[in-house]
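Me: Please walk me through this model. I want each label tied to its cut-off.

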Amino acid sequence: MRWFWLSMGCFLAAANAASPPEVGVVITPLIAVDIQPSDQADAWESWTWLRASAKQRMDRGRWFLGINADHNVRSGQDIEAIWRVSAGESGWAGQAGKTHLRVGNLIERWGKLDLLSSLDVLNPKDLRAGPLGNIETARAPIPMAVWQVGTDTIRAEFSYAPFPEGDHIQMVGSDWSVVKPGMMEGFIGSMSKLDGPASTLLAAPIAQLSEALGKLDPSAQRAFADAAKQMGAPEQFGINGNVGARFEAEAQGVDAAVMVANLRSPIPITRLGPNYRLVIQNKRLPGLDQLATLGAEAPITTDWPRSWMAGTELSSVAGPFGLRAEAVWWSNKVHAQRWLDATAVPSTGTGLAIDYTQSGRFYMAIEGRWEHMLSPVDGPFLTKADVFELGTTARISLANDRLELLAAALVNLSFGDWMSRPEVRWVATDSLSMGLGAVLLFSSTPPPADLSAALSYGGGPISMMGDNDAIFFNLRWSQ
Amino acid sequence: MMIRLLLSVCLALTASPAQAEDNADTIIATAQKVQRIESAIQQIEMVLVSKNGARRHRSFEMKTKRIDGLNATYVRFSKPTDVAGTQLIVLERSGKSDEQILYLPALKRTNRIAGRAKKGAFMGSDFSYEDFDFSDDPKATHTLISSNDTTWVIDTKPGPESSYGRIRSTVSKSDHLPRQVEFFDAKDHAKKLLTIQQTATQNGAVLPTHSVMKNLNRGTSTELKVTEWQLNLPPDEIPNETFTIGFLERNG
């Protein structure tokens, strides 16, 4: 029904069209093949992203309608295919008296950094494809209203997202998830062989559970994982929504903004029950007298805390360089801890970027970020009390813009690991281009081999994916 | 410079006569004066022609307005799909180099174009961002090279910040509109050639509707065709906020 009313609204609005509608579609298929196949990684995977959009300007505003879809095929221990369709950016933007209003399924951008932004908080991130994804698919639109008031140079903007979503992350079963393909099944399979007072009693049921899991369709496994991720999420009454205010000013050669928001965390505090954790940690089944306690305990609890945040951003130029900066403070930022635990503590983030362009055919940007926990947590997982990162992107255009050399790199100085994504792209026509590239990961700590090692992993996020080096081929067709 | 005026909206009053002004500075000053308009909206088709003749098409809307005596330009691309939504504003700054801000829809943010980047190609074309610079560089000097019954030929030596070493303009005496502009690099090698192939008249003003810029080194060219235009609009038609970052972000 939502689609129907949205379409009807657009149709009626078209009666006052000030220009013909712009209609477009972009399809981006990609196939990636692992360079170093392993049991815990898919041998190959493909992604196909589709973006269809239409927009039209009216006398006092514009409507826009978008559909996003993606198809992911993964081939490893089994072959999975996942199809997902969602509303793209859709809604209406225009004048409301002397103010401006945007309503609909929106992407609203805060922050000035691209690779390492800490301020880009209004939309959930879509990280399912890991480094195979692109910047256009990295943000997911959500229902939102944005009201803006002010002058040409000073503005105040208030946003309200009634139904916030968590980041789109696959926790289980993908090359880019914490629990890699086969880890869960492997652990449950091994449980029937664990020592412990209850081993005689539990061996047979655990073996049955393992067998049942083995027979479970990948889609059913994903459904369980998704359900677990949604546990504890507040009801969507609207009063649990995200609210934000941004005040921005622009002057000759500089623009700056400060913002404040009250947000639901994009990642939950997920905790494994203490007794379940002991089983995994010690690789030992509980005593018979502990079984009742184990049975009464929720295996996993999930909580979605709220946090205040305040931030500032700035962009300017200095000689031949563009300068961008941002800083953010969180009252209650969620940090993961080892053994499937998490806690929320006050934190800060600071980022700086410098970019350089020459002749329109060379572009390079370097970004740096420092994230700091104001109250360090015990056993941080994939993070540290202080994390320093560097990111860079570069593009060289050759042969009359027919050939592009692209590169992106991310260095985590705190963990000593880094990744790069070089790509050669041939622009055949305005509508069609194709690229050949690689995702190269350099680990300081070997990636985990099993569930226990994954949940207690002490390395960084790049190292965790360290065995996923791949080469990829992609197409981009637009019309 | 002539090219800058041409790309902004390039208008000349047909009523302006060829006067006895065989002085380059006077000709340029008159040309700038008669070509100046208060506001315009143009729909433009840009065709990029490669060395082997392959053609790539771009469509964009250009809005220009004089605000407090200074030029402001807004450009928004609508085709092809891959660049649709890309926007650019160019703001003339008194006594300073122009300010250029680009909005890239994929990034959902604005990017300030700094220093040498202004000399780069505009959206892959043979025009550079610098060509959209409206400033009449006070350091530029003009020399009248020749004159006949219909045209003046003027050499302009731009200021040190320009990527051009010399610009030769052939200016029509009838309307003060340049019909041909040759761009030379610092070593005085011919770099680019602009020709105006078609014009249209509206409300006593002349608008170049078909221009071609050739890159003589690369063998490429860019055609600009103005398909629709509105000139000297009421002030409210193009509000000043069109030339702000806030506008770019709202329309991304």
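**Labels and their cut-offs**

Reply: Gln56(A) sits in strand S2 (residues 44–57) of chain A. Strands here are DSSP runs of E with at least two residues, and helices are runs of H or I with at least four, numbered from the N terminus. This is a predicted model: local features need pLDDT of at least 70, side-chain atom pairs count only at pLDDT 80 or more, and totals for chains, interfaces and linings use all residues. Residues are numbered from 1 along each chain as its sequence is written, and side-chain values use heavy atoms, without hydrogens and water.

Me: Why is Gln56(A) called buried?

Reply: Buried means under 20% relative accessible area (1.4 Å probe, protein chains only). Gln56(A) has 6% relative accessibility, so the label buried applies.

Me: What makes Lys108(B) and Glu89(A) a salt bridge?

Reply: The rule asks for a side-chain nitrogen of Lys or Arg within 4 Å of a carboxyl oxygen of Asp or Glu. In Lys108(B) and Glu89(A), the closest N and O atoms are 2.7 Å apart, so the pair qualifies. Across the interface of chain B and chain A, the rule finds eight salt bridges.

Me: How many residues of chain B are in contact with chain A?

Reply: Contact means heavy atoms within 4.5 Å. By that rule, 44 residues of chain B are in contact with 53 residues of chain A.

Me: What area do chain B and chain A bury between them?

Reply: About 3800 Å², 40% of it on carbon and sulfur atoms. Buried area is the accessible area (1.4 Å probe) that two parts lose on being put together, summed over both. In chain B, Arg56(B), Arg112(B) and Arg250(B) lose the most area to chain A, together 19% of what that side buries.

Definitions and conventions. Chains lettered and ligands numbered in written order. Buried < 20%, exposed > 50% of the residue type's maximum accessible area, 1.4 Å probe, protein only.
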